[in-house]
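I opened my notebook to look up surface patches and charge pairs. My notes follow.

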Amino acid sequence: MAAVTPLLMFFQDYHYDCKVTVNIQINQQLYASYMYLCMAVHCTRFDVALKGFSRYFLRRSHQWSALAEKLMSMHIDRGGFVAFSHIRSPFVDDWDGGLHIMEYALGLEKSLNKCLLELHHLAKNKEDITLCNFLKCHYLGPQVHVLKEISEHLTNIRKLGTLGEDVADYIFDNCSLK
């Protein structure tokens, strides 16, 4: 009986509101992975031909997928159940060049970051130290670096924009993303 008690205590510390919000976060991360995959495929089209962008977005897709799996694992280990929701189709399927697609990526990352911060705030309010530490270690710190990286990419694309959009995309794709 004593061996069961620590496990039950671990489950008891996982508040229902946190479980629900973690499920929402998992689905948002899977959506981000899907969107990045859509962006990567778009950049490989023959009429776009931005292989550096494609590799970058494919890497982000894999990263969000792996982070969703990590969150699912933690969620299940703590007694939660993963509830998958329908992943909606992208509302954009033809981006207007590197600047537009990178701006969309920044917006996506900001949205995910906001949700992660809200989840962290909820966990803190529910005194779920385990979830707070998990988010801080695996998400919030690295997310700052991603936001900085994409912001720097946008700055560089905008600086190159004086050369013309197509030339800027080509130069950035071949010099910065490879």
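I began with the term patch: it is made of residues with over 30% relative accessible area and no salt bridge, like charges being joined within 9 Å and nonpolar side chains (Val, Leu, Ile, Met, Phe, Trp, Tyr) within 5 Å. Areas come from the Shrake-Rupley method with a 1.4 Å probe, and for residues only the protein chains shown count as cover.

I noted that this is a predicted model, where local features need pLDDT of at least 70, side-chain atom pairs count only at pLDDT 80 or more, and totals for chains, interfaces and linings use all residues. Residues are numbered from 1 along each chain as its sequence is written, and side-chain values use heavy atoms, with hydrogens and water left out.

**Patch.** I found Tyr16, Val20 and Ile24 making a nonpolar surface patch of about 300 Å². Val20 sits in helix 2, residues 16-44 (helices are DSSP runs of H or I, at least four residues, numbered from the N terminus). Val20 is partly exposed at 32% (buried is under 20% relative accessible area, exposed over 50%, partly exposed in between).

**Salt bridges.** I looked up 7 of them in the structure (a side-chain nitrogen of Lys or Arg within 4 Å of a carboxyl oxygen of Asp or Glu).

Asp17 pairs with Lys126, closest N and O atoms 3.4 Å apart. This pair links distant parts of the chain: Asp17 is in helix 2, Lys126 in the loop between helix 4 (98-125) and helix 5 (129-160), 109 residues apart.

Arg45 bridges to Asp47 at 2.8 Å between the closest N and O atoms. Arg45 is partly exposed at 30%, and Asp47 is partly exposed at 47%.

Glu152 and Lys148 meet at 2.3 Å, N to O. Both lie in helix 5, 4 residues apart, about one turn of the helix.

Methods
Helix = DSSP H or I, 4+ residues; strand = E, 2+ residues; numbered from the N terminus. Buried < 20%, exposed > 50% of the residue type's maximum accessible area, 1.4 Å probe, protein only.
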